[in-house]
Amino acid sequence: MASISQELTAPNGRKITLQTGLFMSNEWVCAAEGGLIESINPADERVIASVQAATKVDVDVAVRTAQAALKHPSWADLHPSKRGYLLRRLSDLVEEHSVDLATLEAWDSGKPYSVALNEDVAEVINCLRYFAGFADKAHGQIIDGGASKFAYTIREPFGVCGQIIPWNYPLMMAAWKLGPALACGNTVILKPSELTPLAILYLAELIKAAGFPPGVVNILNGHGREAGAAIANHPGIRKIAFTGSTATGREIMKMAASNLKAITLETGGKSPLLVFKDADMEQAVKWAQTGIMSNQGQICSGTSRILVEKAVYEQFIDAFKTFTIETSKVGDTFSETTSQGPQISKSQYERILGYIDSGVKQGARLVLGGSSARGHSGKGFFIQPTIFCDVTRDMEIYREEIFGPVVVILPFDTENDAVEKANDSPYGLASSVFSQDITRCHRLAKQIDSGTVWINSSNDSDSLTPFGGMKQSGIGRELGQAGMEAYSVIKAVHVSLGAKL
Ligand code: NAD
């Protein structure tokens, strides 16, 4: 057993002691094969810390640990209310330690510190509390079978669940997955993205402090193709939950097929936002800007295709551009005035600039931005908020998920034209409709192929409401009651009341 602890001083002066090993059985251990992951600050490209990187050998140990914890009386026989209590206790600890958590999250991912604190960590607290309240309310049913029998159902945990999370909302994605899994009585092996390994390690210490029994939560940093694949393939894991790219989701699905794991996938998107001429234009502009430019545009449900009715097309573009210029401040992660930090990594930065280049070459009209926005040091993966209009449907920037602060704007003629364009995508994660005609809004909510439809808003999801995709944006739902149900399996018990053969 090793104590792998590092003393870190964040750019905001905060001193944080961080355990950087693999978290198994409530202990910190070194990776069996000695691998390390370097976490890079995307704002200055300097190494923040090195953490242990798991391989298949470590995943095997973690699965055995999580299987043993399932049978351990202190977890298996726990009253559901006690599981709720532990989640509640964890949420309280997250609240108590929110400054350290937000510091690590901002430093590691590049999101503005104020956003990490007031949005991400706040959402983690809400989400854990929501599922804490659900822990003792996941009842089965009684089914009347006439005079001679009845049946009842029990919701049982799957057992060991594998959870693979991305880098855009590391703590939040962990909460979305840990909350329902633990509320239902599963044990978990969670793998963060290799790009954002830090804040989750701090969370692991809070999980232990909250009183979760050893082995219930195991957190293994590691590379996707190594540790992630070992989790997705492992025969001892019964359910896998993944958030990330559609390409990786497809690979995980194949691996999970080896033992027919239950699966939830939350993958990519190219979500449309429709603005009709009768919309409250000021509101449409504000929500549209938040819907694509927040989190540096790294939002799976970001409304990255804006479709505007022809009569107000130029008016919308002007207002959207002006509002973006007025409200966007690209810069230092820890500055209070920053609204947009750096992209997560060099490869994402280059990928986004590549898309911008392709938009220009393919003839789209560049309204704003369109280039890097490096700081004084010449370092950091900063990109200007970028707006393209007069985009056509054959352009790459219209069809592909860019995952950066880049939006495309197109005109539409009629309501039917708007729906046809909105649905013209392999993705179906989310959509927004702006109109003051309430009948039209509900009609379109039924016609658009997406797991979420926002009427007169964008990306204001919450823990209470199910979230997930249609088409190639995913399978299954997280959050809400559906998110809870996704972490249990129904057993049916038939009871004879004297039926004779
Ligand atoms: P990714 O899908 O490769 O990574 C997400 C997670 O999956 C990480 O934890 C990673 O380690 C793991 N992973 C990668 N390959 C794996 C494999 N073969 N087996 C098991 N696990 C594996 O995403 P990325 O490369 O970090 O980003 C690429 C693109 O994905 C982005 O440009 C964006 O379009 C999309 N993305 C979407 C979301 C989302 O929320 N929907 C989040 C992040 C990235």
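Which residue stands opposite serine 431 in β21? In this predicted model, the position is taken by valine 453. The two residues belong to a pair of strands, β20 (residues 430-434) and β21, which run in the parallel sense and are joined over four bridges.

This pair is part of an open sheet of seven strands, arranged in the order β16-β17-β18-β15-β14-β20-β21. The pairing within the sheet is mixed. The edges are formed by β16 (365-368) and β21 (452-455); each has a single partner strand, so one side of each is left without a neighbour in the sheet. On average, and with direction ignored, neighbouring strands are turned by 20 degrees against each other. In general, the strands of a sheet pair through backbone hydrogen bonds, in either a parallel or an antiparallel sense.

Another open sheet consists of three strands in the order β7-β8-β24, with antiparallel pairing. Here β7 (142-144) and β24 (488-496) stand at the edges, and because each has a single partner strand, one side of each lacks a neighbour in the sheet. From one strand to the next, the twist averages 20 degrees. Three bridges link β7 to β8 (residues 149-157) in the antiparallel sense. Within this pairing, isoleucine 143 has alanine 151 of β8 as its bridge partner.

An N or O atom in the side chain of lysine 191 is placed 2.8 Å from an oxygen atom of the ligand. For asparagine 168, a polar side-chain atom lies 3.4 Å from a ligand oxygen atom. Threonine 267, by contrast, is involved through its backbone: one of its polar backbone atoms is 2.7 Å from a nitrogen atom of the ligand. On its own the ligand has 810 Å² of accessible area, and the protein covers 89% of it.

Key: Residues are numbered from 1 along each chain as its sequence is written. This is a predicted model: local features need pLDDT of at least 70, side-chain atom pairs count only at pLDDT 80 or more; totals for chains, interfaces and linings use all residues. Side-chain values use heavy atoms; hydrogens and water are left out. A polar contact is a pair of N or O atoms within 3.5 Å; within protein, one must be able to donate a hydrogen and the other to accept it, and residues adjacent in sequence count only if both atoms are side-chain atoms. Accessible areas come from the Shrake-Rupley method with a 1.4 Å probe; for residues, only the protein chains shown count as cover. Two strands pair if DSSP finds at least two bridges between them. Axes are lines fitted to C-alpha atoms, for helices over the stretch in contact, and angles run from 0 to 180 degrees between N-to-C directions.
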